Amino acid sequence: MEESKDDYRFLVETISISSPSHCPKCGTVANLYKHGQKQQLFFDLPMHAKRVGIYVKRQRYKCRAILDILVTSLTNEIPF
């Protein structure tokens, strides 16, 4: 947790329950590979008159067929 004059910031790392089995854009099966992680910021309701930001690290994948990058949905991940 980081605290500043105006903000509280929390970092939540997730682990993937399962890797995607196919590309949701082109439909090819087993053509994805891990392509780093993305840190995304979500804002929550204020606490003690400060903004609350939650950083979530999410796994990115790249499809070899169409060379497009996709990020896992939050429903496939659980907080760690």
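Is Tyr33 buried, exposed or partly exposed? With a relative accessibility of 28%, Tyr33 counts as partly exposed (buried is under 20% relative accessible area, exposed over 50%, partly exposed in between, with a 1.4 Å probe and protein chains only). Before going on, some ground rules: this is a predicted model, where local features need pLDDT of at least 70, side-chain atom pairs count only at pLDDT 80 or more, and totals for chains, interfaces and linings use all residues. Numbering starts from 1 along each chain as its sequence is written, and side-chain values use heavy atoms, with hydrogens and water left out.

Back to Tyr33, which sits in strand 3 (strands are DSSP runs of E, at least two residues, numbered from the N terminus). Setting aside neighbours within four places in sequence, Tyr33 is in contact with Arg60, Tyr61, Lys62 and Arg64 (contact means heavy atoms within 4.5 Å).

Now for the strands themselves. Strand 3 (residues 32-47) pairs with strand 4 (residues 50-63) in the antiparallel sense, over 12 bridges; pairing takes at least two DSSP bridges between the strands. Leu32 stands opposite Cys63. The hairpin has two residues between these strands, and His48 takes a positive phi near 55° there. Strand 4 also runs antiparallel to strand 5 (residues 69-71), joined by three bridges, with Tyr61 opposite Leu70. That hairpin has five residues between its strands, and Leu67 in the turn has a positive phi of about 55°.

Several of those names come back in the largest nonpolar core, made up of five residues: Cys23, Leu32, Tyr61, Cys63 and Leu70. Such a core is a set of buried Ala, Val, Leu, Ile, Met, Phe, Trp, Tyr and Cys residues joined through side-chain atoms within 4.5 Å. In soluble globular proteins, nonpolar side chains tend to be buried together. Leaving out neighbours within four places in sequence, Cys63 touches Cys23, Cys26, Thr28, Asn31, Leu32 and Asp68.

Pro20 lies in the loop between strand 2 (7-16) and strand 3. Pro20 counts as partly exposed because its relative accessibility is 28%. Not counting residues up to four places away in sequence, Pro20 touches Leu32, Tyr61 and Thr72.

Finally, look at Arg58 in strand 4. At 11% relative accessibility, Arg58 counts as buried. A polar contact of 2.4 Å joins its side chain to that of Gln40 (a pair of N or O atoms within 3.5 Å; within protein, one must be able to donate a hydrogen and the other to accept it, and residues adjacent in sequence count only if both atoms are side-chain atoms).

How values were computed:
Helix = DSSP H or I, 4+ residues; strand = E, 2+ residues; numbered from the N terminus.
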